[in-house]
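Q: Let's walk through this one together. Start with a term we'll need, then go to the details.

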Amino acid sequence: MEIGYNFDHEIEYNCKDRRKPFRIIRGVVVSYKQGVKAHPFMIPKGFTSDGCSIPKGVRFLLGCPHTPEYVPASIIHDYLLENPEIVRYDRKTASLIFFHALLKEGVCPAQAVIMYLAVDLWQRVKNLWTEKWV
């Protein structure tokens with residue numbers, strides 16, 4: 001899978017909003033490619049995100065949830081969670097997009113794998129209650 005986007009100067013941090021401090025200040029086009037077909041979508045201006053949701057117990061392993069390399073992938077993933085129709089309700093695709101965005105941002109591949117597995121497992125468990133994903 002290939003992924004393309006440019007978040008340069010598009011994210012604002014609001015330290016007064018502890019729940020969702022990251023906000024998109026201009027729309028960001030994200031495109032992921034599966035096989036030969038590209039699938040673009042836009043994260044609109046005003047979308048907010050909590051960043052990377054890393055439980056306190058594993059922060060010693062993965063670091064701060066607001067680590068700059070995690071933010072774009074986290075925003076993309078949060079947007080997909082709120083709009084699952086973009087990936088045709090396919091949890092695995094949403095998790096793979098998150099993984100490839102982490103790699104694009106320069107996150108260590110081993111760390112990206114751990115984060116990908118954690119995100120995918122959490123969405124699988126959460127799906128038992130919400131039944132949003134295939």
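A: Two strands count as paired if DSSP finds at least two bridges between them. Keep in mind that this is a predicted model.

Q: Fine. Which residue stands opposite Q34 in β5?
A: K37 in β5 stands opposite Q34.

Q: How many bridges between β4 and β5, and in what sense?
A: Seven bridges, and the pairing is antiparallel.

Q: How many residues sit between β4 and β5 in the hairpin?
A: Two residues lie between them. G35 is in that turn, with a positive phi of about 70 degrees.

Q: What's the strand order in the open sheet with β4?
A: The order is β1-β4-β5, three strands with antiparallel pairing. β1 and β5 are at the edges. Each has a single partner strand, so one side of each lacks a neighbour in the sheet. The twist from one strand to the next averages 15 degrees.

Q: How many bridges join β1 to β4?
A: Three, with the strands running antiparallel. G4 is opposite S31 in β4.

Q: Which strands of the sheet does α2 touch?
A: α2 packs on the sheet and touches β1, β4 and β5. Its direction makes about 90 degrees with that of β5.

Q: And which strands does α3 touch?
A: α3 also packs on the sheet, touching β1 and β4. The direction of α3 makes about 70 degrees with that of β1.

Q: Stay on α3. How far apart are its end C-alpha atoms?
A: They are 20 Å apart. α3 covers residues 91–104, which is 14 residues.

Q: How many residues of α3 are buried?
A: 10 of the 14, so α3 is largely enclosed by the rest of the structure. Buried here means under 20% relative accessible area.

Q: Which ones?
A: R91, T93, A94, S95, I97, F98, F99, H100, A101 and L102.

Q: What happens at the start of α3?
A: A side-chain oxygen of D90 comes to within 3.1 Å of the backbone nitrogen of K92.

Q: And what follows α3?
A: G106 follows, and its phi is positive, near 90 degrees.

Q: Switching to the core. Which residues touch the most other members of the largest nonpolar core?
A: I43 and I76, out of 33 residues in that core. β3, β4, β5, α2, α3 and α4 each supply at least two residues of it.

Q: What does I43 touch?
A: Leaving out residues up to four places away in sequence, I43 touches F7, I24, G27, V28, V30, I75, I76 and Y79.

Q: What's the order of the other open sheet, the one with β3?
A: β2-β3-β6, three strands with antiparallel pairing. β2 (11–13) and β6 (48–49) are the edge strands. Each has a single partner strand, so one side of each is left without a neighbour in the sheet.

Q: How many bridges join β2 to β3?
A: Three, and the strands run antiparallel. Y13 has F22 in β3 as its bridge partner.

Q: Where is R23 found?
A: In strand β3. R23 is partly exposed, at a relative accessible area of 30%.

Q: How far is the C-alpha of R23 from that of T48?
A: 4.4 Å, although R23 and T48 are 25 residues apart along the chain.

Q: What does R23 touch?
A: E10, I11, E12, G46, F47 and T48, not counting residues up to four places away in sequence.

Q: On to backbone angles. What is the phi of H9?
A: Near 60 degrees, a positive value in a residue other than glycine. H9 lies in the loop between β1 and β2.

Q: Where does H9 stand on accessibility, buried or exposed?
A: Exposed, at 68% relative accessibility.

Q: What about the phi of Y89?
A: Y89 has a positive phi of about 60 degrees, and Y89 is not a glycine. Y89 lies in the loop between α2 and α3. Y89 is partly exposed, with a relative accessible area of 36%.

Terms used
Residues numbered from 1 in each chain as written. Predicted model: local features only at pLDDT ≥ 70, side-chain atom pairs only at ≥ 80, totals over all residues. Heavy atoms only, no water. Helix = DSSP H or I, 4+ residues; strand = E, 2+ residues; numbered from the N terminus. Expected span 1.5 Å × (residues − 1). Buried < 20%, exposed > 50% of the residue type's maximum accessible area, 1.4 Å probe, protein only. Polar contact = N/O pair within 3.5 Å; in protein donor to acceptor, adjacent residues only side chain to side chain. Core = buried A, V, L, I, M, F, W, Y, C linked by side-chain atoms within 4.5 Å. Contact = heavy atoms within 4.5 Å. Axes fitted to C-alpha atoms, helices over the stretch in contact; angles between N-to-C directions.
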